[in-house]
Amino acid sequence: PRMAGRRWLLRAALAAAATRRPSGDDLDRVVEQAAVVDQATLREYLSRANRIEGIERLASLDVPALLVIGDRDRVIPVKQQRRLGELLPRCRTIVLAGEGHAAAAEVPAEVFAAVQAFVDALPAEP
C-alpha cells in the first residue's frame, strides 16, 4: 500500500527484478497489478512461514504436469520450484537458462514450444 502511492518507486523495483528490460506498457501493467496487493497479503507472502497449505497432497495427483522454471528467478527460489516438481509424481520439469520469474511474458515463444512439446508427447488416451 505504501508503494502504491509511490508508483515510480514500485516501477523501479519491479523493473530491477526483471531478467529482461520490460517494455513501458508491460511494466505499467505489472505496476497496476502489484499496486492492488494489500499489506497483510504481502506480509504473508514474504514471511518465512509462507507455505502452500496441503502441498503434500500433490503426491496423490495422477496427472501429467509440466513445470517451467527460469534458472534466474528472483521471486521464487529455484530450489523451491524444483521441490514442487519432485512432489508431483508425473511432472516434467524444464529449466530455461538465463530466464527469470516472468519467462512466459519475456520469452513466450520458448515457453509455448515447451508446452506444445509436452502436450504433443502425451498419449491420445490414458
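Mentor: Begin with one residue, and keep in mind that this is a predicted model.

Trainee: Where is Val-119 placed?

Mentor: Val-119 lies in helix H6, which covers residues 108-120.

Trainee: Which residues form a nonpolar patch on the surface with Val-119?

Mentor: The patch consists of Val-115, Val-119 and Leu-122, and together they have about 200 Å² of accessible area.

Trainee: Is Glu-99 buried or exposed?

Mentor: Apply the cut-off again: buried means under 20% relative accessible area. Glu-99 has 4%, so Glu-99 is buried.

Trainee: Where is Glu-99, and what is Glu-99 in contact with?

Mentor: Glu-99 sits in the loop between strand S2 (91-96) and helix H5 (103-106). Setting aside neighbours within four places in sequence, its contacts include Thr-19, Arg-20, Asp-71, Arg-72 and Val-107.

Trainee: How many helices and strands are there in the protein, and what pattern do they follow?

Mentor: The protein has 6 helices and 2 strands. Along the sequence the pattern reads α-α-α-β-α-β-α-α.

Trainee: What share of the residues of the protein count as buried?

Mentor: Of its 126 residues, 21% count as buried. The accessible surface of the protein is about 9,300 Å², and carbon and sulfur atoms account for 57% of that surface.

Trainee: What share of the contacts between residues at least 6 apart join residues at least 24 apart?

Mentor: For those contacts in the protein, the share is 67%.

Terms used
Residues numbered from 1 in each chain as written. Predicted model: local features only at pLDDT ≥ 70, side-chain atom pairs only at ≥ 80, totals over all residues. Heavy atoms only, no water. Patch = residues over 30% accessible without salt bridge, like charges linked within 9 Å, V, L, I, M, F, W, Y side chains within 5 Å. Areas by Shrake-Rupley, 256 points an atom, 1.4 Å probe, with all protein chains shown as cover. Salt bridge = Lys/Arg side-chain N within 4 Å of Asp/Glu carboxyl O. Helix = DSSP H or I, 4+ residues; strand = E, 2+ residues; numbered from the N terminus. Buried < 20%, exposed > 50% of the residue type's maximum accessible area, 1.4 Å probe, protein only. Contact = heavy atoms within 4.5 Å.
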